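Me: I want to learn how to read a ligand site and an aromatic pair. Can we work through one example?

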Amino acid sequence: MSRKIEERKKSHLEISLKENVEADITAGFDDVILVHQALPEITRSEIDISAELFGHLLKAPLVIESMTGGATEGAKINRVLAECAEEHGFAIGVGSQRAAIEKPQLRKTYSIVRDYAPNALIFANIGCPQLASGYGVEEAKIAIEMMKADALMVHTNPLQESIQLEGEPNFKGVLEKIREIASSLDVPLILKETGTGISGETASKIQMAGAKGIDVAGAGGTSWAAVEYFRAVQAGNKLQQALGKTFRNWGIPTCASIVEASRSTNLTVIASGGLRSGLDIAKSIALGAAAGGVALPLLVAAVRGKRRLSETATTMVEELKTAMFLVGARNLKDLGKAPLVLIGKTAHWLNERGYSTCEYARRKAFLQ
Ligand SMILES: Cc1cc2nc3c(=O)[nH]c(=O)nc-3n(C[C@H](O)[C@H](O)[C@H](O)COP(=O)(O)O)c2cc1C
């Protein structure tokens with residue numbers, strides 16, 4: 001069983017690095033316009049981008065999203081990602097720890113992240129389908145202990161399970177399991193999507209179940225229907241290919257999901273899914289997120305080495321600071337109040353869903 005999981009994880013990595021696995025729809029960042037302030041009345045050097053996330057102080061509001069572990073290649077990548085998290089003061093997640101829960105020899109491929117990021121905010125990771133098929137408090141605690149993690153991410157991926165050749169599309173009883181796990185842990189539980197977003201309705205349910213955070217992982221970035229489509233091509237499975245193609249762009253675009261999740265709950269929201277620059281992180285925070293998460297671009301940089309990854313990270317940090325300078329935000333609290341305008345599909349979506357968008361346009365300039 002776990003040998004198969006290892007092979008699958010390896011093929012996910014290879015496909016994500018080789019093929020075009022991004023959705024054709026956008027995450028919505030072009031629809032979010034931060035209002036330029038021609039007299040920002042601050043110096044760029046005084047901008048403070050430190051962020052508090054789940055009681056942990058980050059040097060920058062960036063989460064290296066959950067991606068890998070379980071295979072030799074995964075361990076190498078996790079090491080480079082962990083070094084980056086430690087150097088830049090980011091938070092970091094690991095890929096689903098199922099493989100190592102079932103095969104303890106693989107634990108090192110995940111725990112290497114703690115070895116190389118001793119001070120980072122680290123997220124452990126288990127999946128909803130495993131909760132539906134028997135995992136519970138015990139496995140959650142093993143995952144957390146393995147990483148000496150500061151929080152647990154429970155990922156949900158109904159789209160991927162529907163397309164994947166070996167998919168387990170069973171989510172019965174998951175909410176109850178989340179409730180049980182959340183009440184038994186002494187670290188926060190975060191519900192995380194994987195590229196199709198979290199609606200206001202789901203966000204409210206998981207707040208009621210005791211989760212402390214949401215990682216929206218909305219549509220517009222890596223598409224798991226696309227990744228599994230390429231695996232179906234390799235396997236010559238026509239039906240799963242057709243499903244993968246049809247559902248490639250399924251989901252709630254990230255910007256809409258950030259607003260839905262942050263306005264329907266008072267949970268800490270991490271924005272991810274198609275964030276490709278520090279400007280996207282700035283827009284996410286102005287929409288209501290506490291931090292931005294990035295997966296695919298950091299994976300691509302990490303396989304090219306530590307230096308390339310550090311350059312990519314530095315660019316994102318500088319883009320975030322530049323956006324903050326241009327709206328006159330001294331810190332992330334200011335950025336959260338920065339006037340913005342929502343246009344296009346995102347504005348339309350939110351209006352249709354009953355989230356008033358004029359509030360964003362009406363925000364008073366806070367610079368006087
Ligand atoms: C190669 C790869 C593996 C991933 N594996 C996991 C995983 O095991 N668990 C999880 O919660 N998310 C996983 N994700 C999803 C990411 O954490 C993230 O939510 C998603 O890719 C959207 O971000 P992006 O558009 O920046 O890639 C994976 C993403 C990639 C690219």
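Me: How far is an oxygen atom of the ligand from an N or O atom in the side chain of Arg 276?

Reply: This is a predicted model. A polar contact is a pair of N or O atoms within 3.5 Å. Here the distance to the Arg 276 side chain is 2.9 Å. Lys 192 also places a polar side-chain atom 2.9 Å from a ligand oxygen. For Asn 125, the corresponding value is 3.0 Å.

Me: How much of the ligand's accessible area does the protein cover?

Reply: On its own, the ligand has 600 Å² of accessible area, and the protein covers 97% of that. The ligand's space is the largest cavity.

Me: How many residues surround the ligand, and which are the closest?

Reply: The shell holds 22 residues. Ser 66, Ser 96, Thr 222, Gly 274 and Arg 276 are the closest. By class, the shell has eleven polar, seven nonpolar and four charged residues.

Me: Now the rings. How many aromatic pairs are found in the whole structure?

Reply: Two values describe a pair of aromatic rings: the distance of the centres and the angle of the planes. The search finds three pairs. One of them joins Phe 54 and Phe 123. Their centres are 6.2 Å apart, with 90° between the planes, an edge-to-face pair.

Me: Why does this pair tie together parts 69 residues apart in sequence?

Reply: Phe 54 sits in the loop between β2 and β3, while Phe 123 belongs to strand β6, so the pair links those parts.

Technical notes:
Residues are numbered from 1 along each chain as its sequence is written. This is a predicted model: local features need pLDDT of at least 70, side-chain atom pairs count only at pLDDT 80 or more; totals for chains, interfaces and linings use all residues. Side-chain values use heavy atoms; hydrogens and water are left out. A residue is near a molecule or strand if one of its heavy atoms lies within 4 Å of it. A polar contact is a pair of N or O atoms within 3.5 Å; within protein, one must be able to donate a hydrogen and the other to accept it, and residues adjacent in sequence count only if both atoms are side-chain atoms. Accessible areas come from the Shrake-Rupley method with a 1.4 Å probe; for residues, only the protein chains shown count as cover. On a 1 Å grid over the protein atoms alone, a cavity is a set of points where a 1.4 Å probe fits but cannot get out, and a pocket is an open set with protein on both sides within 12 Å along at least five of seven lines; lining residues have an atom within 4 Å of a point. A molecule sits in a cavity or pocket if more than half of its atoms lie within 2 Å of its grid points. Ala, Val, Leu, Ile, Met, Phe, Trp, Tyr, Cys and Pro count as nonpolar, Asp, Glu, Lys and Arg as charged, and the others, Gly among them, as polar. Rings of Phe, Tyr and Trp (its six-membered ring) pair if their centres lie within 6.5 Å; planes under 30 degrees apart count as stacked, over 60 as edge-to-face and the rest as tilted. Helices (H or I, at least four residues) and strands (E, at least two) are DSSP runs, numbered from the N terminus.
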